[in-house]
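Subject: Handing over the structure

Dear colleague,

Here is the structure I promised to pass on to you, and my notes on what was found in it follow below. Please keep the sequence and the structure open beside this message while you read.

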Amino acid sequence: MNKVYIIHENMEWTKHLIDRLEMLEVPYEEWDLSEGLINLSETPPPGIYYNRMSASSHTRGYRFAPELTDHILNWLELHGRTVINGPEAIELEVSKLKQYFALNKVGILTPKTIGAVGIQNIIQAAKTLNEWPFIIKHNRAGKGLGVHLIYSLEELTEYLNGVEFEDSIDGISLVQQYIESASGKIVRAEFIGGEFFYSVEIESNDSFELCPADNCQIPNSLETNRGETIQPVKFKIKENLLTPLEIKAYQNFLTENHIQVAALEFIRDAQGKMYTYDVNTNTNYNPDAEQESNTYAMLELASYLKKKLAQENTSN
């Protein structure tokens, strides 16, 4: 019997999908590609393959998991297997520069960005950008790690020569225009099967680490005037955060790049201009926000995979 094969390197981020597949009685098998091999003389089993490889795998000790996944995905497509988030998705997942190229190609606005290798070139990039403050970030990162807001050339030089600076795993640092959110929030637009599912508004004033998964939340409690400790609501699913034309533009981008499941993050400035700055093809969903809105993306994703598997079984 055909199955859904889940390609991943992080069970903490995969178990929620597995729970929903089991609920819907969808046969599945997980392929943990934190390490492994690829045998070109073998033929992959028939089924539906869903790629959930993450750009942040190196932060969990799996430096070459995306590279292995890239080759596995090409091997699957060579043999005519149905792949959800195939080679194009992994290529964009691990490079923000390539994300911006692809977004700009279809007319989607991104912040001004300069890629640089080496400390002196990062400094030159800041001088060339000449916008203060600016953001410095890793070309290949994940979870918002390695993102810093820099206010001056002196601060940048001190940061680059200090113990806090850590180079991107691919050696490319991005010097990027800082877009100040008029509301202090950013938005993730979630797409499943190429269709818009929901948008989540995220409080961003306190941190650049905006991973929505339940196991990478950052404690940030507040104390009331009565001495009680509460947790602020950082993620909230809301309607009407994108116009129909903006949703259509994102759908065109996903179609152009053969991506079926993704989250796109954007900021609106004080003039209402929308800047897209991240494409996440290994999207996670915040459980508290979903429970509050009674909307469950992993259930929708499992239903989508079930439908694709049924289509595969019918065509064979």
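Arg63 has a relative accessibility of 27% in this predicted model, and therefore counts as partly exposed. Its side chain meets that of Glu67 in a salt bridge, with 3.1 Å from N to O, and Glu67, at 29% relative accessibility, likewise counts as partly exposed. Side chains of opposite charge can pair when their charged atoms come close.

A search of the whole structure finds 15 salt bridges, and another of them is formed by the side chains of Asp278 and Lys96, at 3.8 Å from N to O. Asp278 belongs to strand S15 (residues 274-280) and Lys96 to helix H4 (residues 96-105), so this pair ties together parts that are 182 residues apart in sequence. Are these two residues, Asp278 and Lys96, buried or exposed? Both Asp278 and Lys96 are buried.

One further salt bridge brings together the side chains of Lys236 and Glu292, at 2.7 Å from N to O. Since Lys236 lies in strand S13 and Glu292 in helix H8 (residues 287-293), the pair ties together parts that are 56 residues apart in sequence. Lys236 counts as partly exposed, because its relative accessibility is 34%. Salt bridges that share partners also join Arg63, Glu67 and Arg140 into one network.

The chain averages a pLDDT of 90, and 91% of the residues score at least 70. Over residues 207-231, however, the pLDDT is below 50, although this stretch has 55 contacts in the model beyond near neighbours in sequence. Where pLDDT is low, the predicted coordinates should not be read in detail.

Let me turn now to the sheets, starting with the parallel one. Four strands form an open sheet in the order S2-S1-S3-S4, and their pairing is parallel. Its edge strands, each of which pairs on one side only, are strand S2 (28-32) and strand S4 (82-84). Neighbouring strands of this sheet are turned against each other by 25 degrees on average, with direction ignored. Strand S1 (residues 3-8) pairs with S2 in the parallel sense over 5 bridges, and Tyr5 stands opposite Glu29 in S2. Helix H1 (residues 11-23) packs on the sheet, where H1 touches S1, S2 and strand S3 (47-51), and the direction of H1 makes about 165 degrees with that of S1. Helix H2 (residues 65-78) lies across S1, S2, S3 and S4, and runs at about 155 degrees to S1.

There is also an antiparallel sheet to look at. What is the order of the strands in this open sheet of 4 strands? The order is S5-S8-S6-S7, with antiparallel pairing. Strand S5 (113-116) and strand S7 (148-150) are the edge strands, each pairing on one side only, and the twist from one strand to the next averages 25 degrees. Strand S6 (residues 134-138) and strand S8 (residues 173-177) pair in the antiparallel sense over 5 bridges, and Lys137 stands opposite Leu174 in S8. Helix H5 (residues 119-129) lies across S5, S6 and S8, running at about 15 degrees to S8, while helix H6 (residues 153-160) packs on the sheet and touches S6 and S7, with its direction at about 140 degrees to that of S7.

S9 and S10 form a hairpin with 2 residues between them, and Gly193 in the turn has a positive phi of about 65 degrees. Ile192 has Glu195 in S10 as its bridge partner. S10 also pairs with strand S13 (residues 235-238) in the antiparallel sense, over 4 bridges.

Within S10, please look closely at Glu201, which lies in that strand and stands opposite Lys236 in S13. Glu201 counts as buried, because its relative accessibility is 13%, and buried means under 20%. Its side chain makes a polar contact of 3.2 Å with the side chain of Lys238. Leaving aside neighbours within four places in sequence, the residues in contact with Glu201 include Lys185, Ile186, Phe235 and Leu241.

Key:
Residues are numbered from 1 along each chain as its sequence is written. This is a predicted model: local features need pLDDT of at least 70, side-chain atom pairs count only at pLDDT 80 or more; totals for chains, interfaces and linings use all residues. Side-chain values use heavy atoms; hydrogens and water are left out. pLDDT is the predictor's confidence in each residue, from 0 to 100. Contact means heavy atoms within 4.5 Å. Two strands pair if DSSP finds at least two bridges between them. Axes are lines fitted to C-alpha atoms, for helices over the stretch in contact, and angles run from 0 to 180 degrees between N-to-C directions. Buried means under 20% relative accessible area, exposed over 50%, partly exposed in between (1.4 Å probe, protein chains only). A polar contact is a pair of N or O atoms within 3.5 Å; within protein, one must be able to donate a hydrogen and the other to accept it, and residues adjacent in sequence count only if both atoms are side-chain atoms. A salt bridge is a side-chain nitrogen of Lys or Arg within 4 Å of a carboxyl oxygen of Asp or Glu.
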